[in-house]
Amino acid sequence: VLATIVGNTTGDSTTSTLSTANLAPAPAVADQWLGRPLIFDRYTLTANLRGQAALVNSMSAAGVLYVGSLTTAPASGDTFTIT
């Protein structure tokens, strides 16, 4: 069974690079969640991202996620899950 990862973005995220905080569980190695869908929560702060999804194309062990292009850059505190 795959674990669901939860977290939020920080203020220096872009439409394709997500700086993250509070990832649970925390990443252990680069590309740990490669190819998994990231979905913004329905009540996240940025209304344009609610329910929007993108695949994790790569990631650093520090939790920087590189995804397919989003329509809007996330604000600090936007919440998401990786399934």
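Mentor: Two residues are in contact if they have heavy atoms within 4.5 Å of each other. In this structure, leaving out residues up to four places away in sequence, Ser-19 touches Asn-8, Thr-9, Thr-10, Asp-12 and Ser-13. This is a predicted model, in which local features need pLDDT of at least 70, side-chain atom pairs count only at pLDDT 80 or more, and totals for chains, interfaces and linings use all residues. Residues are numbered from 1 along each chain as its sequence is written, and side-chain values use heavy atoms, with hydrogens and water left out.

Trainee: What pLDDT does the chain average?

Mentor: pLDDT is the predictor's confidence in each residue, from 0 to 100. Here the chain averages 93, and 98% of the residues score at least 70. Confidence is highest in strand 4, with a mean of 97, and lowest in strand 3, at 90.

Trainee: In what order do the strands form the sheet?

Mentor: Strands are DSSP runs (E, at least two residues) numbered from the N terminus, and two of them pair if DSSP finds at least two bridges between them. In this model seven strands make an open sheet, ordered 2-6-5-4-7-1-3, with antiparallel pairing. Strand 2 (17-18) and strand 3 (20-24) each have a single partner strand and stand at the edges, so one side of each is left without a neighbour in the sheet.

Trainee: How many bridges join strand 1 to strand 3?

Mentor: Three bridges join these antiparallel strands, and Val-6 stands opposite Ala-24 in strand 3. Strand 1 (residues 5-9) also pairs with strand 7, in the antiparallel sense, over four bridges; there the bridge partner of Ile-5 is Ile-82. Strand 7 pairs with strand 4 as well, antiparallel over three bridges, and Ile-39 has Thr-81 as its bridge partner.

Trainee: Which residues have the most contacts inside the largest nonpolar core?

Mentor: A nonpolar core is a set of buried Ala, Val, Leu, Ile, Met, Phe, Trp, Tyr and Cys residues joined through side-chain atoms within 4.5 Å. Buried means under 20% relative accessible area, exposed over 50%, and partly exposed in between (1.4 Å probe, protein chains only). The largest core here has 15 residues, and Leu-38, Leu-65 and Ile-82 have the most contacts inside it. Strand 4 (37-40), strand 5 (53-59), strand 6 (65-67) and strand 7 (79-82) each supply at least two residues of this core. Strand 5 gives the largest share, three residues.

Trainee: What is Leu-65 in contact with, leaving aside neighbours within four places in sequence?

Mentor: The contacts of Leu-65 include Trp-33, Leu-38, Val-56, Met-59, Phe-80 and Ile-82, and also Ser-16 and Thr-17.

Trainee: How many aromatic pairs does the count come to?

Mentor: A pair of aromatic rings is described by the distance of the centres and the angle of the planes. Rings of Phe, Tyr and Trp (its six-membered ring) pair if their centres lie within 6.5 Å; planes under 30 degrees apart count as stacked, over 60 as edge-to-face and the rest as tilted. The count comes to one aromatic pair. The ring centres of Phe-40 and Phe-80 are 6.1 Å apart and the planes are at 70°, so this pair is edge-to-face. Phe-40 lies in strand 4 and Phe-80 in strand 7, so the pair ties together parts 40 residues apart in sequence. Both Phe-40 and Phe-80 are buried.

Trainee: Is Asn-8 buried or exposed?

Mentor: Asn-8, found in strand 1, has 16% relative accessibility and so counts as buried. A polar contact is a pair of N or O atoms within 3.5 Å; within protein, one must be able to donate a hydrogen and the other to accept it, and residues adjacent in sequence count only if both atoms are side-chain atoms. The side chain of Asn-8 makes such a contact with the side chain of Asn-22 (2.9 Å).

Trainee: With which side chain does the side chain of Ser-19 make a polar contact?

Mentor: The partner is the side chain of Asp-12, at 3.1 Å. Ser-19 sits in the loop between strand 2 and strand 3, and its relative accessible area of 13% makes it buried.

Trainee: Where does Arg-42 lie?

Mentor: Arg-42 lies in the loop between strand 4 and strand 5, and counts as exposed at 62% relative accessibility. The side chain of Arg-42 makes a polar contact with the side chain of Tyr-43 (3.1 Å).
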